[in-house]
Amino acid sequence: MDEKEVDRIKVNEDRRWRLVNRTMRLHGHQPDALIETLHAVQESFGFLDLDSLKYVAESLRLPLSLVYGVATFYHFFTLKPPGDHTCVVCLGTACYIAGSSNILKTVEEQTGIKPGETTPDRKLSLLTARCMGSCGLAPVVVFDGEVHGKMSSASVLENVGRLLNHDD
Amino acid sequence: MRYPAFLQRIADRADVQPVRILTFSINGQAVSAREDETILSVARENGISIPTLCHLDGLSERGACRLCIVEIKGSPKLSPSCVTLPRQDMEVITNSDRVLDYRRKILELLFTERNHICSVCVSNGHCDLQALTTELGMTHVHYDYLHTRHAVDASHERFSVDHNRCVLCQRCIRVCEEIEGAHTWDVMGRGYLSKVITDLNQPWGESTSCTGCGKCVQVCPTGALSEKGKSVAEMTKRRQFLPYLKLMRGDESR
Amino acid sequence: MTIEELQDIGKIEKEKQEGFKYRIHVCVAAGCLSSQSGLVKEALEKEVARRGLESWALVKGVGCLGLCTAGPMVAIEPDGLLYQGVSVSDASDILEALGGPPVNRLDCSAHLPFFARQKKIVLENCGRIDPESIEDYVAEGGYGGLYSALRTMTPAGVIEQITKSGLRGRGGAGFPTGLKWTAVSKTKSNVKFVICNADEGDPGAFMDRSVLESDPHRVLEGMAIAGLAVGANYGFVYVRAEYPLAVKRIRTAIARAERLGVLGRNIFNTTFSFDVTVRLGAGAFVCGEETALIASIEGRRGSPRPRPPFPSELGLWGYPTLINNVETFANVPPIIRKGGAWFASIGTEKSKGTKVFALAGRVNNTGLIEAPMGTTLREIVFDVGGGIIGDRKFKAILTGGPSGGCIPDQFLDMSMDYESLAQVGAIMGSGGLIVMDDSSCMVDVAKFFIEFCMSESCGKCVPCRVGTVQIYNLLKRITEGGGKPSDIQLLEELCDLVKNTSLCGLGQTAPNPVLSTMRYFMDEYKAHIEDKVCPAGTCHMNPTEESQ
């Protein structure tokens with residue numbers, strides 16, 4: 001990596017922090033900004049690492065343990081870096097009735113990972129969700145934020161295979 | 001009653017208003033109380049015992065362990081006496097079969113959750129949880145044991161925490177936040193995966209906010225928090241400071 | 001702004017749209033968007049431009065048309081034609097058919113009963129207006145309710161109309177809205193808050209999402225009217241982060257409404273101000289509980305606290321706070337516009353108005369529906385829902401999600417209202433309806449819900465934290481073939497304990513699905529335990545593992 005590249009990364013880093021700082025400023029650095037700020041961190045960095053939690057705690061003048069407690073209470077937040085691609089299997093009621101647990105099992109078998117884990121090559125993270133609100137299209141699987149409805153084990157496998165073999 | 005800090009300043013407003021005295025009955029016994037006193041404290045003042053676990057004089061109330069539930073005549077719901085205020089002519093029953101049965105079952109559930117084997121515990125003989133079994137007449141557990149496994153953190157130079165003995169009463173969290181003002185402790189996760197943590201889930205010994213005051217150890221009802229180097233017989237909890245603090249804080253707000 | 005100016009905005013918008021001979025409505029709510037309705041809209045726009053019909057046909061993105069299963073949906077106005085399953089390649093045929101016979105292969109008329117049996121109040125604008133255009137909402141009479149509340153009514157008068165209407169909370173428990181508003185208005189405080197609960201955590205429900213995505217201004221108007229009635233100047237919309245489109249639409253709507261002067265400072269040139277802020281949830285079902293929701297807005301862990309004191313006295317940051325659900329607020333503007341008596345004339349004796357349901361599961365027509373209170377389950381499942389997929393046998397319908405219950409076929413002719421549902425051990429809930437056929441195992445369904453409650457429990461009180469795990473373990477054992485006859489009694493005992501001693505609504509209702517399935521489908525439990533057989537064939541029984 002040459003120096004230019006390093007600089008570029010730093011600037012990008014700054015830009016990502018800017019969103020976080022702006023969120024805290026918008027809420028006047030009040031304690032109630034915590035959850036909104038954690039959303040901003042996750043949006044910028046994809047996950048919450050210990051350094052950013054520490055930074056947020058210091059900026060909002062909140063106890064470290066409180067910030068960690070909030071970050072782990074809400075399941076939307078993740079403290080682990082996600083893989084390049086994500087596959088979210090919906091386990092809401094409608095999807096469950098339509099057989100999403102079988103879909104999940106198939107994906108687990110093919111990728112060898114459990115929900116909440118990432119493949120060793122960091123290409124794919126497998127997650128589950130509690131209803132995406134697209135129950136009319138059950139069962140639903142979300143690939144990289146894009147909702148796919150009326151899925152079957154076969155069609156999910158095809159998509160997973162595509163993501164796993166993708167080189168980007 | 002002491003509310004958590006964020007509610008207390010509102011509750012304190014009651015102090016500038018005259019406080020009414022009202023009369024009601026507990027187990028048929030006529031009692032009188034200030035309108036801002038909880039049923040629990042009125043009962044105790046009158047020598048009526050109600051079992052508690054998460055309640056501790058001097059700390060804010062949580063109403064979470066559900067052991068202090070009582071029946072109120074005319075209401076199908078059971079009310080936690082530590083956070084319920086009396087009303088004029090209310091009839092409270094603290095010892096009906098229904099209430100006693102529920103309390104025993106709740107205590108059983110607590111025993112199934114983590115590892116509470118008294119014979120190998122540092123707090124054996126000085127444990128609030130253990131004392132509750134005698135008080136409630138719980139002789140055995142008829143649910144399956146869950147026994148989730150947790151690590152022991154002995155990184156602090158003077159204290160250690162054994163999460164296997166923790167009942168998640170949050171006394172340590174409250175004493176640390178409300179009295180010591182350090183807020184070293186909090187809970188992570190939720191539901192049955194909850195766990196008390198120090199700072200960013202770091203080893204206690206590495207905590208930057210802990211003052212080492214040891215109040216958390218003294219208020220812990222079980223052997224979850226203990227002093228190092230103490231034998232079972234020595235590991236008594238010294239809570240004398242709490243009523244004193246309660247009194248001081250009461251003066252401050254009144 | 002005066003009422004004339006408001007009406008002018010509406011009139012101009014209406015005339016502008018009616019200037020087009022044809023208006024092509026493409027559903028751009030989340031359901032259809034995920035089946036590529038965005039591309040369909042683009043293709044239609046391109047096709048219109050290619051044919052040079054820009055002044056003749058208007059392509060408009062609208063909210064949910066209801067029949068999500070047949071998406072993407074396209075409606076042609078003023079002909080009232082409805083096309084289903086439209087793809088990009090259909091664009092040219094649709095335009096070709098304008099003014100002539102419809103495109104037969106996309107025809108949706110087979111689903112007619114789905115639309116005919118409904119009555120729309122909350123959803124009256126869904127599928128008709130562009131959710132991102134405030135003018136479109138105003139053209140349908142929007143913000144007229146707020147205007148009359150502000151200029152022609154007193155706060156007490158507004159509450160009186162709401163009380164008279166008999167509207168009850170649409171979030172689940174069905175608490176009379178008028179009473180709630182009265183309680184907040186009576187508490188003395190300079191600062192009060194109005195919170196719209198859009199944290200639709202019930203898996204299998206998407207009413208709130210659809211309303212926010214299709215008609216966000218209606219909710220804002222309802223909140224502003226509520227603010228006026230109870231004396232609050234600040235509002236929060238607490239919405240799930242899992243609904244990015246709903247978040248975006250409500251944010252856009254707030255900005256547009258502020259620019260038009262119907263939200264913010266000095267609304268309609270009066271002294272009344274009302275600001276609305278969006279707060280994101282972060283994936284916690286328990287935050288649907290009032291006190292947990294408040295804790296979450298304050299930036300803390302979403303743990304409920306014991307009530308009383310109720311939020312109407314001690315709410316957000318200790319101030320009196322009114323919390324209502326999205327659908328409740330959406331009912332407010334029409335009540336103010338048309339009067340409480342009009343609303344009270346719809347529905348049953350104790351349950352007034354309509355209810356929006358999210359119909360899903362094993363029915364032919366899944367989607368968003370609205371029916372008057374008192375409609376029977378049979379009408380909903382077989383008329384609106386079009387019956388069971390593949391003509392299989394109806395087994396049960398689940399209402400109220402993880403807090404509700406399963407209703408078996410002997411109650412199909414029961415009327416849907418708060419009291420009747422409570423009588424059979426279910427609840428109205430927020431409106432999720434999941435239909436199950438004979439391929440669903442009821443023990444497995446009970447296990448599914450208790451697993452949900454177990455992982456969504458905040459962990460504060462002991463009965464809910466540990467009790468739900470115990471119930472789950474028992475059901476897991478039963479569905480794996482290791483159940484013992486004594487387990488039934490143990491289940492009943494634990495359910496009773498959790499129901500009666502838990503701190504908040506989540507714990508108190510968590511055993512409902514287990515209790516209702518045990519009540520109506522005990523034979524299935526017995527089959528699992530005694531014969532080690534799953535009648536529906538869903539559970540993988542492995543009796544050697546732990547039996548006896």
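## A hairpin in chain B

In this predicted model, β1(B) and β2(B) form a hairpin with 2 residues between them, and Asn27(B), which lies in the turn, has a positive phi of about 50 degrees. Helices (H or I, at least four residues) and strands (E, at least two) are DSSP runs, numbered from the N terminus, and two strands pair if DSSP finds at least two bridges between them. Strand β1 (residues 21-26) of chain B and strand β2 (residues 29-34) of chain B pair in the antiparallel sense over 6 bridges, with Ile26(B) standing opposite Gln29(B) in β2(B).

β1(B) also pairs with strand β5 (residues 91-93) of chain B, here in the parallel sense and over 2 bridges. In that pairing Ile26(B) stands opposite Val92(B) in β5(B).

## How the model is read

Residues are numbered from 1 along each chain as its sequence is written, while chains are lettered from A and ligands numbered from 1 in the order in which they are written. Because this is a predicted model, local features need pLDDT of at least 70 and side-chain atom pairs count only at pLDDT 80 or more, whereas totals for chains, interfaces and linings use all residues.

Chain A has 7 helices and 4 strands, and from the N terminus on its elements run α-α-α-α-β-α-α-β-β-β-α. The C-alpha atoms of chain A fill a box of roughly 50 × 40 × 25 Å, taken along the principal axes. By an automatic or database domain assignment, chain A is divided into domain 1 (3-73) and domain 2 (85-165), and the centres of these two domains, taken over C-alpha atoms, are separated by 29 Å.

A residue is called buried if 20 or more other C-beta atoms lie within 10 Å of its own, exposed if 12 or fewer do, and partly exposed in between, with C-beta atoms placed from the backbone. Buried residues make up 40% of the 168 residues in chain A and 42% of the 254 residues in chain B, a chain with 7 helices and 10 strands.

## Where chain A meets chain C

Two residues are in contact if their C-beta atoms, placed from the backbone, lie within 7 Å. The contact between these chains takes 32 residues from chain A and 36 residues from chain C. On the side of chain A that touches chain C, α2 (34-45), α4 (64-73), α5 (93-97) and β4 (146-148) of chain A each supply at least two residues.

The residues on this side of chain A divide into 19 nonpolar, 10 polar and 3 charged; here Ala, Val, Leu, Ile, Met, Phe, Trp, Tyr, Cys and Pro count as nonpolar, Asp, Glu, Lys and Arg as charged, and the others, Gly among them, as polar.

The buried residues of α3(C) are Ser37(C), Val40(C), Lys41(C), Ala43(C), Leu44(C), Glu47(C) and Val48(C). They lie on the same side of α3(C), because they cover an arc of only 165 degrees around the axis, the arc being that of the directions from the helix axis to the C-beta atoms. These buried residues pack against β1 (22-27), α2 (30-33), β2 (57-62), β3 (74-77) and α4 (91-97) of chain C, whereas Ala49(C) and Arg50(C), on the other side of α3(C), are exposed. α3(C) is followed by Gly52(C), whose phi is positive, near 65 degrees.

Helix α10 (residues 207-214) of chain C has 8 of its 8 residues buried, so this helix is largely enclosed by the rest of the structure. Among them are Met207(C), Val211(C) and Leu212(C), together with Asp208(C), Arg209(C) and Glu213(C).
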